[in-house]
Structures are given as C-alpha cells and as structure tokens.
Amino acid sequence: MKKIFTLILVCLYANFAWAQFSLKGKVQDANGGVPGASIAVASSTTGTVTNANGEYSLSLAKGTYQINYSSIGYKTLTKTIVIDNGDVTENVILEVSATTLDEIVVSVGSRTSRRTLTDSPVPVDILSAQDLVSTGQTTFDKALQYRVPSFNTVNTPVNDASSLLDPYEIRNMGPSRTLILINGKRKNTSALMYIQTSPGRGESGADISAIPQQAIKRVEILRDGASAQYGSDAIAGVMNIILKDKYDYGSANIITGITGKGDGGHIGFAVNNGANFGKGYINYTIDFSRTALANRPGKVSAEAEADGDLGFGAPLSAVKSFLAKYPDAGNINGQPENTAAKFAINGGIPLGENSEFYYNAAYVYKKVNSFANYRTPYWRTTDDGLLTPAGQPYVGYVPNFQGDLNDYNGTVGIRSEKNGWKTDLSFTTGNNKQIYTVSNSRNRGLGKNSPTYFRPGGYEFHHNVGNIDVSKLLSDKVTFAFGSEFRAETFSVFEGDTASYVRGGADSFPGTTPNNAGTFTRFNFGGYVDLGFDVTPDFLLNGTLRTEQYSDFGNATVFKVSSRYKFNDDKITLRASFSTGFRAPLLHQIYQQLAQASFVPGQGIQTKGIVNNVSPQAFALGVPKLTPEKSTNFTLGIGLNPNKNLSITLDYYNIQVKDRIVLGSEITGTVSGTTPLDNILKSNGIVAVSFFSNALNTTTSGIDFVVSQRNVMLGGNKLNINLAGNYTIENKYNSINNPKLIADAGKSVFDRTQDALLFSSRPQYKVILGFDYTIKKISFSLNNTLFGPTRFHQNGLDDNTDTEFTPGLVTDLAVSIPVTKMATLSFNVNNLLNVMPKWDFIDLKTGTKTRYDANNNVPSAKYFEQYNLITFNGRYSNVTYDGSQFSQLGTMLNATLNVRF
C-alpha cells in the first residue's frame, strides 16, 4: 500500500512539473489590437500569432522565458515571463518602428551619427519588406518600379544578353550613377554593358534583381548626390538594401502567376529562417523561381519584307505565302524564359561587451533562354541542311540565346565602441560572371562545315573592397567621422570558340575574337572626413570632404555641405544640400570592344563594331582617354508634419554633369570620301565604328514629392493613403565634346537617337497613388501608377519626326487574407485594366500626332516606311525596337501563400 501511495505522489508531482499553462493576453498599438503579431519564445521554435483582435494564447511549461513580441512596422519588444503555478496574462503595447516614414533611422546621408527622416538634411525614401511584397512583382527591381517614382526600369524588347539584367536608373541619370549598397557596403557592378539602342546604352549597374525579396528588411534610397560620403557612382543617389537580422519567426512563400494572355507563367518558392543565440543571430533566405516565355510579337508587313530597302527584296508572293502561315514571321520577343536560384545570409556574433563580428553574403544563379529574330526562308535562303530535319521543307530557323549568370557578394567586419568611439572595419568581395551560348544557329561563312552550337564568350567583373570607418559624438552638438576605402577591380572579356567569330561568326550573336579578349585591372584608395554640428536642437550643419586616387587616371577631390532647420514644434522642416561629385569610367567602358549583331533600320541585322578607348583605332581618330565625370548637385526641400498621421515632403534637385561618358553614335565616312576622317577609316579597315568618350555636359533638374496620410477612419476601419511623384523639369545636354578630326568632317559622336535615349526615353513624370485598407482580417491595397510620356528618335526616322509613348495609368490590386493564425493567402492583379503602351508619330513642324495602325486596311502612307523601319517591319510594333516606359505584357495574375513557423 505504501508503494502504491508513493507511486501516486510521484505521478502527481510529475504531472504538476510538466503541466502546461497558458500565457495569454493582447498585443496592441496606440490605436487598438495588432492582428498577425508574432509571439515567439527566444532561442526556440515555440510561438504563435495574434488573432484579428490582437489576442493570443501560448501553452508553456513551468519556467522562465524570454518572449519576443514583434510585427512588421513595429519595434520588437522582449519581456521576461515567469510561469509558476498557473496561467499568466501579459498585455503589451508595441511602438511604431523605424519603418514608418517620419521615424525611420536611416543609414545613408551622413557618415556621422544616424538620424531620423525628420532630422535628415537630405531626402530619403524608405520601403519596408511589406511595401515590396505587396506589389506582387516577382523581382526586387520591378517592385521598386511601382513604389519609387524616381526609379525606372522595364524589360527590353530585344532579349539577348540584356535579358539577364534590365537597365534601371534614378532621376533619369542612367544605371551607372546610382550606387548600390548592401548593409552599407558597396555592391559589385554587373559584367554586362548595354549596347543595344535602349535606355541605359553604354552603361552598367549592379544586379539588384538578384537579391531575394524575402531577405530584405527595408530599403533606403537617398535621392541626392553622395560622392563625398561614398565615392564614385553616387551622382544620382544611393540605394542601401538592409537585410533581415534578428530572428523573429520563420516563413515560407509559394508564389505562382500568369499573364492575362495565359503565357509567362511564374512559380517560386522562398524560405526565410534563422536563429538567435544570446546576443548573436543568423538570418538566411533561399529563393527558387522559374518564369516561362511571354511572347508579344507584332504582325509583319509583307510589302515591307519584300521591299529591297525596308526588307529583303524577296518576291512578294513568296513573302505572302510564308506570312499567311506565320503572321508574326515566327518572331519571339517579350519576356524570355528564366530560372533563378538565390541565397542570402546575414549574421552577427558578439565579441565581448562592446564589439560584434558581423557577416553577410548573397549568391544568385540565373539562366535565361531567349531568341533572336526568326531567320525567314526569304531572309536566309538555306540552312545548308544543318537545322532542318531530313525530309522536311525548309522554313527558316530561329537562333536560340542562353545566358548563364553567377553573381555573389560577401562582407565580413567588426564593429566596436569604446570611450564613445565607434569603429567599423570590413572587407567586401563581389563578382558577376556571364557566359553565353548560341544554339540552333550556324556560321554562314563555314557553310556545311558549321556547327550549330556556339560558345561566343562572356564577361566577368570582380572587386575587393576594404573599409575603415570611425565616428564619435564629440559633444552634445558636434559629431565627427573619418574613414578610408581601398578597392581593387578586375574586368575580364572571355574569348569565344573559333567557329563563333571566324568568317562572320555565329548568326545572331558573333563571338569575341582573341584580340578583343583580355583581363584588365585597376585599384583606388580614398579617404573622407565628416563633421556634423547641431547649432541648436533645430538647426543642423553637416560637411564632408573626400579625396580618392585611381591607378589609371589620378586624383579626385569632392565635398558636400548640407543643412536642416526645424520650427513650429518640428512640424516644418527646411533642408538643403550642395555637393560636388565624380564617377570614374567603368573598366567596361575603357577596355571593352566587340562586334555585335544589331537591327539597323533599313538594313536589317548588321554587325557593327565598338573600339575601346585605348585602341590604336581610337587614337588614330583623335579620341582622348576617358577621364572621370564631374558633377555638382543642389537640393532644396521642405517637410511638413501637421499632425502624427500626415507628412508631406517636397524636394527640388539640380544635377550638372561635366564630361559625361557616353557610347557614341556610329562614325562612318563622309559622302565625299576625301576628308582626313575618311582616310583614317579606310586605312584602318573601318566601315562604321562607335567608341566611348567624355562627350557631353548635361543638366538634369526636377521635383520629388511625397504625401502620406495615415489612419483615416472609413466605415469603422482605417485607410492609409500615399501619394508620391517625380517630375523632370529639365534633362538635356548643354554642349558636345567632339574629337577635332570628327568635328572637322561634319560628324558627331552624339546624334538625335542618342539624345532621346539619354534624355527623354524615361517618363517625364511618374505619380503613384496608393490606398491601403483593412476590413477585419482582410487587407486591400489599390495602387495606381501614372507613367508620363517618353520620346524617341529611332535610327531611320527623318529629321522632322519623333515617336512618343503617351501617358499610361497602370492599376494594381492586392488582397491579403489570413486563412489561419500562421498562414496568409494573397492575390495580386497587376495592370488590372490591361493598359498597353501606346505610341504616336509626331510631326515636329506642326505638332500633329499620328497613331499608325498596321492592321488598318488603309494605313497612313506618310508613315509606312518609317513605321517599318523602327519596328523591323512590324515585328516590334508594340514598343518599337527601343522599348517603352512600362511593360508590354499587360495584366498579370499572382497568388502567394505565406506560412509562418
């Protein structure tokens, strides 16, 4: 009996010791319950989320726990909870976090102590992870397109190497003039340089589309020149991508989508997870995705195809017979097929009480499969029996282009603080490599001996960067910082296989010849000093001085001064800055030379050459070596905060660039053929050639504005309204710097086609109006983006004609539904009304606009020739050969399932 009684006592004790009690309560903010907030036990996988009213319940055994309360848009709150002999009720109030517009602590803009947006003397855009995800866009760069008015990017209509990375820019300044940072450290440039006649021609930028959106905590976009703080490239501004750090909860995303036409299907799977250990943490993201082909060819004109000047001079009957079966001439253009695998990691390990070892890295593998223009049987009259199966009639062929991209970046560093001195020592490495393949094509010069598969070469860019940054608050009014940077860069051009370049090379994409291949390097060393002075709590002055020395062109010294003044209880803020800047020529621009097959209006596909800036040919033409661009930036702005729910900012900017580097127009011989220029072209065997030069002095000015109204009561629920816009007042060149030999022959390195690509190919204005509304558990987001007009002067148009893409309003709708406490289902309809780019011919003498309709039985005879010149006889009728201001794919449908764990 005694044993039985003892056993009962043991069981009762065990049952009590392992009993589960409830930790329950409510998570609130200043306005009530916070739905979907995360409640997690530190250093474990135990947790839950709040319901629609902000209530939660979590089962825990007896013990002491560190409980993290968190939600997007709020500061994480950690509380010590003791579970003893019963249930515990814990109600908490979360504070709005740094992801709100007026309280964000930004990393960019100053090298001294960080400041909030209301304290910052320069304009900064802040985007949270939710801002990006809610767009429904599948890549980071396209999400920015529909969130930041001054940011522009679009798929290029020509899908060869450019399809690996679409050109982007801020304030219409080109991709080379925006510096990309990850956690405050410089991201490597892409190996690709754009050479097609599309926006971004002759430039390169970092591959921001490679960064998985799930890994991003927030994005800071400094809309101001910042060369003094960060060095080369920061003429238009700086984008700082902040990765997720402290681990709150894991999540998995499954996304699928398709276009309204039933093509371009997308499937993606991403996981973000991590762990906290003491004061250390690790956060990692894995993202796999595949996007199918979306084809948007136009209807090809038989009359133009048969014409000897516009097309191929083939018999009209043969052309009509082929086009009756293939109205688009078999052409494939729009969105290419691509597959990507992305990885990112971010972590920190404490080293004692005052130091931290930190690290982050990202890697992406991307494969793009696209197509060249279809070689019709009246264009290429034979394939020598290499591409058509035996016994089948020859109907032409379409060369296939594949690009393999590998991009990685990584940083390790140590942050410390002692006696008020903050130090940050870091090393960053980054690499972008692209290798190309051409298949289902041939080398016509080799005839029947040609292979059908080619490796035409590729490019690689690599950099190593060392940084030392030191700062100190010298007094309650004075902050001081200084630092240094060393950077080594390497650019490599890979030789193609022999068959890809001899005797004309691979049809569609000739390979790199041995004399154009090579590896090129340089290094630079720089330092800066930064001083901030709070004259009063409301009046701030800040100044920065920087000097750098490059191994290939010498020194550059720049400065920046900025100021901010607040008054009326901080409800009004005035700010201004003035700075000088520089941009070092890219190694790509100095050393790359190649032969590239491109569409030339009236001539079809032609192989044209680019000679590099240090070549004998460039020297013979009197082309000077490239020097850094020099800039001056001026901004003036006002910020208004009438109440806690309303904020307004308005900023004017003016950017002057001297010696701007451009890839010039093709230089050919004169009509007379007797000038010194003609003699040099003939003696060097040059028919048509382009090259880089410091060709322009330019001016860009405009206005940015942001209006944010939060917590508008509507039907018992809260509505948030955001209005943001960018308007370009002036974007033009002031003067052209032509080499004397070329100027004396009446030629210019800069023509109207290049003028349009640089200065009017991006929207004159862009306005984004967004509404966010939550009814019980369901969130709605309606986003309207107005793209202003863009103007082109495509090669082949007469002097009296331009083309203009008319303004277009794209509406996006998003609905988010919590299906369980841990799962949310979201639906996005992007371009809800299926708005397509529309363009007109403009008669510059009369201002008359004409919309050419190729499907009309009686199309405009006036523009028949020019329409076919710039669309390759209708193949690119939607957006011409140069592209439009927004996508030609139309409506996109996406569904996303997000699961927390």
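Modeller: D659 is buried, with a relative accessible area of 16%; buried means under 20%, exposed over 50%, and partly exposed in between, with a 1.4 Å probe and protein chains only. The model is a predicted one, in which local features need pLDDT of at least 70, side-chain atom pairs count only at pLDDT 80 or more, and totals for chains, interfaces and linings use all residues. Residues are numbered from 1 along each chain as its sequence is written, and side-chain values use heavy atoms, with hydrogens and water left out.

D659 belongs to strand β37. Strands (E, at least two residues) and helices (H or I, at least four) are DSSP runs numbered from the N terminus. The phi of D659 is near 60 degrees, a positive value in a residue other than glycine. Most residues other than glycine have a negative phi. S508 also has a positive phi, near 110 degrees. S508 sits in the loop between α7 (498-501) and β30 (518-534), and with a relative accessible area of 15% S508 is buried.

V657 is another residue of β37. V657 counts as buried because its relative accessibility is 3%. V657 and G526 lie 131 residues apart in sequence, and their C-alpha atoms are 22 Å apart in space.

Strand β37 also takes part in the largest nonpolar core. A nonpolar core is a set of buried Ala, Val, Leu, Ile, Met, Phe, Trp, Tyr and Cys residues joined through side-chain atoms within 4.5 Å. The largest one has 33 residues, and those with the most contacts inside it are I195, F401, Y436, Y459, F491 and F692. At least two residues of this core come from each of β25, β26 (400-418), β27 (421-439), β28, β29 (478-494), α8 (587-591) and β37 (646-663). A separate core of 23 residues lies apart from it, with A215, M239, L243 and A362 among them. F401 touches D160, A161, V368, N369, S370, Y436, T437, V438 and F509, residues up to four places away in sequence not being counted.

Neighbours within four places aside, the contacts of F461 include F491, E489, T490, L587 and H588. N467 is in β28 too, which covers residues 453-473, and N467 is buried at 8%. The side chain of N467 makes a polar contact of 2.9 Å with the side chain of E485. A polar contact is a pair of N or O atoms within 3.5 Å; within protein, one must be able to donate a hydrogen and the other to accept it, and residues adjacent in sequence count only if both atoms are side-chain atoms.

Back at β37, a helix packs against the strand. The buried residues of α12 pack against β37, β40 (692-714), β41 (717-736) and β44 (790-792). Helix α12 (residues 752-759) is mostly covered, with 6 of its 8 residues buried: T753, Q754, A756, L757, L758 and F759. D751 caps the N-terminal end of α12, a side-chain oxygen lying 3.1 Å from the backbone nitrogen of T753.

S690 is in strand β39 (residues 688-690) and is buried, with a relative accessible area of 3%. A polar atom of its side chain lies 3.5 Å from the backbone oxygen of G664.

The largest cavity is lined by 39 residues, of which T138, T139, K142, N155 and Q335 lie nearest its centre. On a 1 Å grid over the protein atoms alone, a cavity is a set of points where a 1.4 Å probe fits but cannot get out, and lining residues have an atom within 4 Å of a point. The lining has 11 nonpolar, 22 polar and 6 charged residues; Ala, Val, Leu, Ile, Met, Phe, Trp, Tyr, Cys and Pro count as nonpolar, Asp, Glu, Lys and Arg as charged, and the others, Gly among them, as polar.

Technical notes. On a 1 Å grid over the protein atoms alone, a cavity is a set of points where a 1.4 Å probe fits but cannot get out, and a pocket is an open set with protein on both sides within 12 Å along at least five of seven lines; lining residues have an atom within 4 Å of a point. Contact means heavy atoms within 4.5 Å.
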